[in-house]
Amino acid sequence: MKVLLINGSPRKNGNTHLALSEVAKALNENGVETEIISIGTKAVQGCIACNRCTELGRCIFKDELYNNIRQKLEEGIDGLVVGSPTYYAGPNGSLCALLDRLFYSSSELMEYKPATAIAVCRRGGASATLDRLNKYFTINHMPVVSSQYWNIIHGMMPGDVLQDAEGLQTMRMLGRNMAWLLKNAADGQ
């Protein structure tokens, strides 16, 4: 079993990466392979509603980020975790630009696979971030994995999330819940 984790922050090793790493660690401890992909700092092309993906079977734009994630989906993943910092009570715009294209052009590669979102914030706005990200999953028939509380962790400066004990516990429980769901689905239960 393999779960792909997308770091929707331009900071490759920032708080969002640290939170995703905590989820990945719990998944690994439960026998699930993981890979974290960062969206990086390059501009991300948004969807232009050309609808060519319906003809081509993929997005018309051939940027490395989209191609890399699409290839991982084609190789087969069992679950998806998307993490984002909270910017003005919403997810990173570059992440949304990528997800708009990815989900519209590659939905068949993700349908019915468990997914979850995490939000990193200083104080507030994380609920709106989670709401926006979870819509990608629910519109695409993907079961949304929960934790013990909302999938939120707090921190502003690099490394701050490591001081949020409850947030870290939420990330670990999220990883365990994802692993449990994947194993039970594989066993046909």
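**Reading the helices, rings and cysteines**

Analyst: Begin at the N-terminal end of H4, which Asn92 caps: one of the side-chain oxygens of Asn92 lies 2.9 Å from the backbone nitrogen of Ser94. A polar contact is a pair of N or O atoms within 3.5 Å; within protein, one must be able to donate a hydrogen and the other to accept it, and residues adjacent in sequence count only if both atoms are side-chain atoms. Helices (H or I, at least four residues) and strands (E, at least two) are DSSP runs, numbered from the N terminus.

User: What kind of model is this, and how are residues numbered?

Analyst: It is a predicted model: local features need pLDDT of at least 70, side-chain atom pairs count only at pLDDT 80 or more, and totals for chains, interfaces and linings use all residues. Residues are numbered from 1 along each chain as its sequence is written, and side-chain values use heavy atoms, with hydrogens and water left out.

User: How many residues of H4 are buried?

Analyst: Buried means under 20% relative accessible area, exposed over 50%, and partly exposed in between (1.4 Å probe, protein chains only). In H4, 10 of the 14 residues are buried, among them Leu95, Leu99, Leu102 and Phe103. The cover over the buried residues of H4 includes strand E1 (2-7), H2, H3 and H5, where contact means heavy atoms within 4.5 Å.

User: Which residues of H5 are buried?

Analyst: An α-helix has 3.6 residues a turn, so residues three or four places apart point the same way. In H5 the buried residues are Ala126, Thr129, Leu130, Leu133, Tyr136 and Phe137. Their cover includes helix H4 (93-106) and strand E5 (115-121).

User: How do I read a pair of aromatic rings?

Analyst: A pair is described by the distance of the centres and the angle of the planes. Rings of Phe, Tyr and Trp (its six-membered ring) pair if their centres lie within 6.5 Å; planes under 30 degrees apart count as stacked, over 60 as edge-to-face and the rest as tilted. The count here is three aromatic pairs. Phe103 and Phe137 have ring centres 6.2 Å apart and planes at 55°, so this pair is tilted. Phe103 lies in helix H4 and Phe137 in helix H5, so the pair ties together parts 34 residues apart in sequence. Ring pairs link Phe103, Tyr136 and Phe137 into a cluster.

User: How many disulfides are there?

Analyst: A disulfide is a covalent bond between the sulfur atoms of two cysteines. The cut-off is a pair of cysteine sulfur atoms within 2.5 Å, and the count comes to zero. The sulfur of Cys53 is 6.5 Å from the closest cysteine sulfur, in Cys50, which is too far for a bond. Cys59 is in no disulfide either, as the nearest cysteine sulfur, that of Cys50, is 6.6 Å away.

User: Is Cys59 buried or exposed?

Analyst: Cys59 counts as buried, at 8% relative accessibility. Cys59 sits in the loop between helix H2 (53-56) and helix H3 (64-75). Leaving out residues up to four places away in sequence, Cys59 touches Cys53, Tyr66, Arg101 and Ser105.
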